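Dear colleague,

Please find below the structure that I am handing over to you. The findings follow directly after it, and I would be grateful if you read them with the model open.

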Amino acid sequence: MLMKRDLAIIGAGPAGMAAAALAAELGLSVTVLDEQPRAGGQIYRDVDRASPARGTILGADYTDGRRLTEELRRSGVDHITSAVVWAIEDAFRISYTREGRGAQVEADRVLLATGALERPMPIPGWTLPGVMTAGAGQILLKQSGVAARGSVLVGAGPLLYLIAAQMVRAGTPPAAMIETQTLGDMIRALRHVGGALRGWPYMAKGLKMLAEIKRAKVPRYTGATQIAVEGEGKAEAVTFTHNGRKQRIPCETVFLHHGVVPNTQAARSLGVSHIWDAPQAAFAPVLDAWGESDAAGVFIAGDGAGIGGAKAAEYAGQLAALKIAAETNRLSTQDRDRKAAPLRRALAGELAVRPFLDAAYPPFDAALTPADSTVICRCEEVTAGDIRSYAKLGCLGPNQTKAFGRAGMGPCQGRYCGLTVTALLADANGQSADETGYYRIRPPLKPVTLSELAAMDETTQDAAE
Amino acid sequence: MKPASPFLELESAPRVDVTWDGTALSLPEGANLAAALLAAGVKVFRHTPVSGAPRAPFCMMGACFDCLIEIDGVTRQACMLEVTEGMAITRPQEMGAHANET
Amino acid sequence: METDYAIIGGGVVGLSVAWGLLRRGRTVTVLDGDDGSFRASRGNFGLVWVQSKGMNQPRYAQWSQQSAAIWADFAQEVSGNTGKSIPLEQNGGYDFHFSEETLEETVAKYEILKAQLGGDYPYEVLGHNALRKEEPHIGPKVVGAILHYQDGHANPLKLLVALAADVRRMGGRVLTGKTVTEVTKPDGFRITCADGTTVTSGKVVLSAGLGAAQLGPKMGFKAPVRPQRGQVLITEKLPKLINRPSLIARQVDEGGIQIGATNEEVGLDDRVTQPGLSGLAAKAIAAYPALARAQLVRSWGALRILSPDGLPIYQESPDMPGAYLVTCHSGITLAAAHARLLPDWLEGTDAAPDLEVFSETRFTVS
């Protein structure tokens with residue numbers, strides 16, 4: 001017999017933890033499944049184990065996560081750690097792998113709190129060892145207290161400044177920051193300055209980080225173009241053009257970042273509708289004001305619903321918990337709305353700064369529709385030129401190019417090529433991103449061994465020995 | 001001799017012995033395996049089955065599958081594992097002759 | 001007329017027929033669907049297969065044999081024209097058995113068919129030990145296998161790409177994103193699409209897979225085709241583990257082990273299910289225990305296009321002469337026949353293959 005819960009939550013980041021704690025408080029039976037051995041998600045990764053020194057490097061916004069991990073623990077919610085969810089089916093049976101064994105959980109409702117992924121940044125050389133996402137650089141610091149010496153940060157956005165400032169504090173300042181946003185972007189962003197002022201705490205933090213980076217004399221090159229990573233078998237240098245001049249900065253480690261995008265894999269596997277969010281330049285699920293999708297019983301909260309950051313994720317997770325509690329008669333609709341009002345105000349405050357940030361730090365154009373020779377599918381090593389050639393052979397969407405040339409067929413399931421393939425096809429066929437569409441996502445959401453699969457087979461148990 | 005690594009361990013932790021492709025390494029117990037291997041100077045984790053290109057950790061959050069290694073004959077993501085005493089880690093089996101077959 | 005032939009459906013069946021017609025100098029317009037269409041051409045198992053087909057209809061076995069025999073030459077031509085490789089191995093294939101009884105039953109049936117085919121049915125029965133010499137990773141539960149020498153496997157997706165390229169190279173016009181809503185024959189044929197596109201043609205081939213069920217009856221066909229779901233698994237890329245293909249598993253040219261397939265009557269539902277995947281995994285491990293440690297990286301469901309007796313349908317419309325229904329569930333195996341042999345039948349030449357047993361008249365008696 002499987003456990004049947006009122007609610008299963010996938011992901012123990014801020015949205016998942018906050019939703020779980022509130023749902024449990026309101027009387028729901030809840031199971032949280034998360035891939036990591038400890039709660040926190042990527043933003044608060046391993047926050048409970050971080051030493052005080054690491055806390056100082058990473059800052060108060062990071063250590064604040066302990067408030068949520070503590071609430072999760074206190075709630076008594078069933079938190080299954082190191083659980084890799086690979087299928088969600090049939091309203092709802094969730095199949096997952098834990099320490100080499102398959103298992104399942106059943107629940108009436110599911111909340112996907114699977115967060116964000118780094119926006120793929122396919123530039124020449126981005127597959128070389130030594131090239132990582134900026135998020136990876138942060139995870140190294142958060143979870144392992146490992147910092148890269150003499151690294152180069154490439155791209156655009158607040159996360160790039162945050163990691164630079166953290167590396168300065170760790171005593172390993174980056175060798176350079178190669179930034180893709182231009183003065184023009186900043187000027188265009190100023191039309192959103194009203195919102196930015198409402199989001200003033202974020203602006204103030206941003207300015208403080210920039211000051212730290214400046215004090216550490218980290219060279220910054222803004223408006224960089226023609227960026228590539230060079231090296232034989234590993235990263236050896238970053239080359240780029242700045243103010244019309246070719247530059248080359250030797251380094252062994254490169255951190256890339258030009259925004260994060262919703263991780264939509266699980267939602268898509270459940271048939272949730274997604275639409276293109278132009279300001280965020282990514283697909284986002286279609287949700288009501290509580291985070292419920294058009295697939296009955298499927299809720300989504302946090303960055304997976306559209307990028308809003310950790311605090312916004314927390315409020316959205318709680319809003320979803322309120323609706324679920326009301327639907328299951330744990331809460332009157334009046335109480336639901338009364339409890340939701342302050343959360344909605346706080347959420348709006350969190351999101352106020354986004355239009356400014358989206359405009360000031362747009363994605364790097366040359367990495368959205370890369371040059372023909374650039375690898376865009378890391379798993380199957382498919383180039384941008386390959387995708388364009390399949391468009392010429394009649395491919396209108398990513399599922400056709402997947403069949404034609406394997407982009408998206410590898411173990412990452414298109415997580416790091418999907419948006420690029422959509423952009424390339426939209427461009428080549430003169431279609432919108434919505435018309436072009438996205439990969440059909442199917443189980444397994446993550447690879448699973450055949451023995452684990454076979455062990456769940458009811459008809460031929462003995463064949464699976 | 002420990003190869004040079006651009007990655008610096010900011011804190012010290014008790015270490016355990018593991019093997020990486022047959023070579024003995026001493027890694028912090030309970031550390032993230034991918035991070036620990038990077039800090040130990042491992043630069044190339046695997047070669048792709050498509051072109052043989054070298055790869056190493058990229059996302060550190062279980063999404064990209066570039067840090068694949070092999071333990072007990074099973075391909076695993078190094079960034080999703082923690083270091084334990086005696087771990088025998090190898091590069092994933094490579095396609096070898098197969099890649100040239102039609 | 002804009003075009004000699006309009007081909008409704010741009011999958012492997014439609015493109016193979018288009019290719020064959022273009023090669024004879026006919027003008028062809030292919031009307032293809034969109035990214036989300038049900039496409040057996042991108043979900044099939046990739047076998048070029050003879051054994052077990054046509055057990056009750058030797059002509060089908062023979063038609064499959066004819067296609068398999070000219071497959072390599074056909075693939076070489078398409079690949080030579082386009083520079084796109086079409087990996088193919090025709091070194092035989094297995095039907096594995098987990099019990100002596102099923103093995104004996106199958107052999108008995110094969111012997112009858114072999115006699116009907118005048119002895120042209122080259123197969124051999126391998127006991128466990130003989131099989132182990134051929135397939136070192138075979139598991140102890142496999143008591144034996146039928147090795148049929150006319151069987152093989154190809155990369156069906158690379159065939160699809162190469163055909164798409166060669167049809168265009170030869171001047172074929174391919175309209176994408178089209179849903180055909182109506183076919184009329186005021187004089188020549190007039191094909192109307194949902195987006196308002198119209199195409200006029202001298203003849204029409206309906207090779208729209210499951211789409212024929214809706215469109216066929218409007219064109220005078222019975223088109224009794226139904227979907228049957230097959231779930232398929234594929235593992236991470238592995239070193240050589242499997243030599244010859246079977247209905248249970250094959251190692252594709254890229255290295256992954258492809259495992260198939262379920263047979264499910266679930267209508268137009270092409271999802272995969274945990275029970276489906278688990279059952280297939282268990283069977284694959286029974287055949288090749290080493291697969292237990294392999295990672296499943298991808299799975300899919302695809303819909304077979306089945307006629308009531310499982311055989312292809314080749315039929316000229318009695319109501320609209322010049323319109324032809326071409327449909328089958330073995331579009332990969334039959335690709336060479338469709339490209340090289342079927343055009344004679346469409347053109348009504350003396351060289352036309354005898355396809356009478358595949359006509360819709362077989363569905364009249366109820």
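A:Ala359 touches A:Asp185, A:Ala189 and A:His192, leaving aside residues up to four places away in sequence. In this predicted model, A:Ala359 is placed in helix 13 of chain A, which covers residues 354–360. A:Ala359 and A:Gly41 are separated by 318 residues in sequence, and their C-alpha atoms are 27 Å apart in space.

The surface of chain A is the next topic. A nonpolar patch is formed there by A:Leu190, A:Val193, A:Leu197, A:Trp200 and A:Leu207, and together these residues have about 490 Å² of accessible area. Helix 8 (193–198) and helix 9 (200–215) of chain A are the elements that each give two or more residues to the nonpolar patch. A:Leu190, by contrast, sits in the loop between helix 7 (183–189) and helix 8 of chain A.

A patch of another kind is found on the surface of chain C. Which residues gather in a patch of negative charge there? They are C:Glu100, C:Glu101, C:Glu104 and C:Glu105. Of these, C:Glu105 belongs to helix 3 of chain C, which spans residues 100–116.

As background, most peptide bonds are trans, and most residues other than glycine have a negative phi. Against this, the bond joining A:Ala91 and A:Phe92 is a cis peptide bond, with omega about -15°. A:Phe92 lies in the loop between strand 4 (83–89) and strand 5 (93–98) of chain A. The peptide bond from A:Pro443 to A:Pro444 is cis as well, and its omega is near 0°. The loop that holds A:Pro444 runs between helix 18 (433–436) and strand 23 (448–449) of chain A. In chain B, the residue to look at is B:Asp21, which is not a glycine and yet has a positive phi of about 50°. B:Asp21 is located in the loop between strand 2 (15–20) and strand 3 (23–28) of chain B.

Finally, I turn to the domains. Chain A is divided into domain 1 (4–117 + 261–331), domain 2 (120–258) and domain 3 (369–436). The contact between domain 1 and domain 2 of chain A takes 14 residues from domain 1 and 11 residues from domain 2. Taken over C-alpha atoms, the centres of these two domains of chain A are separated by 29 Å.

Chain C is likewise divided into domain 1 (3–80 + 156–224 + 309–363), domain 2 (93–148) and domain 3 (226–306). How many residues of domain 1 of chain C are in contact with domain 3 of chain C? There are 18 of them, and they meet 22 residues of domain 3 of chain C. The C-alpha centres of domain 1 and domain 3 of chain C lie 27 Å apart.

With kind regards

Note on methods
Residues numbered from 1 in each chain as written. Chains lettered and ligands numbered in written order. Predicted model: local features only at pLDDT ≥ 70, side-chain atom pairs only at ≥ 80, totals over all residues. Heavy atoms only, no water. Patch = residues over 30% accessible without salt bridge, like charges linked within 9 Å, V, L, I, M, F, W, Y side chains within 5 Å. Areas by Shrake-Rupley, 256 points an atom, 1.4 Å probe, with all protein chains shown as cover. Salt bridge = Lys/Arg side-chain N within 4 Å of Asp/Glu carboxyl O. Lys, Arg positive; Asp, Glu negative; His and termini not counted. Charge placed at Lys NZ, Arg CZ, Asp CG, Glu CD. Helix = DSSP H or I, 4+ residues; strand = E, 2+ residues; numbered from the N terminus. Domains from an automatic or database assignment. Contact = heavy atoms within 4.5 Å.
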